[in-house]
Amino acid sequence: MILDIRPRLLCDKHLMDDHRQLHRVYSELAKGLPIEAYKHRPDIIRWHGYLPALARRHYFIVEEMTRRGWSCGTNHRTPIAGGDSPVGVVYPEPLMSELAQLEYLLDQGCRCKRIFCIENGVAKILTGKQYQQVVQ
Ligand SMILES: [Zn+2]
Ligand SMILES: [Zn+2]
């Protein structure tokens with residue numbers, strides 16, 4: 001499932017996973033098959049007709065890869081055209097609420113929990129003391 005939360009909050013593993021899945025879904029939908037072809041794939045069907053939004057999410061993922069200093073960010077070998085502009089981009093309904101997605105990530109035993117916590121139902125990037133408490 002492609003997540004809807006901002007790439008900054010994802011640990012390295014989840015950032016890579018999201019990128020990989022996004023390309024899988026994008027190349028599937030680029031075939032131009034009718035929506036019925038994906039009736040058993042809610043994770044894909046949700047993006048049917050929303051390729052510009054998928055390209056936009058890809059843009060933000062690559063931006064985050066670049067921010068982390070990854071060479072696959074600055075030298076991206078799998079570009080998706082058109083993601084750099086917000087014009088005309090409409091996002092599909094999420095499969096899970098943002099809060100549920102954040103809770104799911106914190107449950108995975110990965111480093112996401114070193115990046116953010118949930119405060120009053122929204123993600124908050126850990127800083128200083130909070131971060132120290134998590135890494136100990
Ligand atoms: Zn890519
Ligand atoms: Zn993670």
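**Notes on the predicted fold**

1. Start with the core: the largest nonpolar one has 20 residues, and L22, V25, W47, I61 and C112 make the most contacts inside it. A nonpolar core here is a set of buried Ala, Val, Leu, Ile, Met, Phe, Trp, Tyr and Cys residues joined through C-beta atoms within 7 Å. Buried means 20 or more other C-beta atoms within 10 Å of a residue's own, exposed means 12 or fewer, and partly exposed is in between, with C-beta atoms placed from the backbone.

2. Helices (H or I, at least four residues) and strands (E, at least two) are DSSP runs, numbered from the N terminus.

3. A word on provenance: this is a predicted model, where local features need pLDDT of at least 70, side-chain atom pairs count only at pLDDT 80 or more, and totals for chains, interfaces and linings use all residues. Residues are numbered from 1 along each chain as its sequence is written, while chains are lettered from A and ligands numbered from 1 in the order in which they are written.

4. I61, leaving aside neighbours within four places in sequence, is in contact (C-beta atoms, placed from the backbone, within 7 Å) with P7, L15, D18, H19 and L22.

5. Overall, the protein chain has six helices and two strands, in the order α-α-α-α-α-β-β-α. Of its 136 residues, 21% count as buried.

6. Take a look at N120, in the loop between β1 (116-119) and β2 (122-125). Its phi is near 50°, a positive value in a non-glycine residue. N120 counts as exposed because it has 5 C-beta neighbours inside 10 Å.

Terms used: Two residues are in contact if their C-beta atoms, placed from the backbone, lie within 7 Å.
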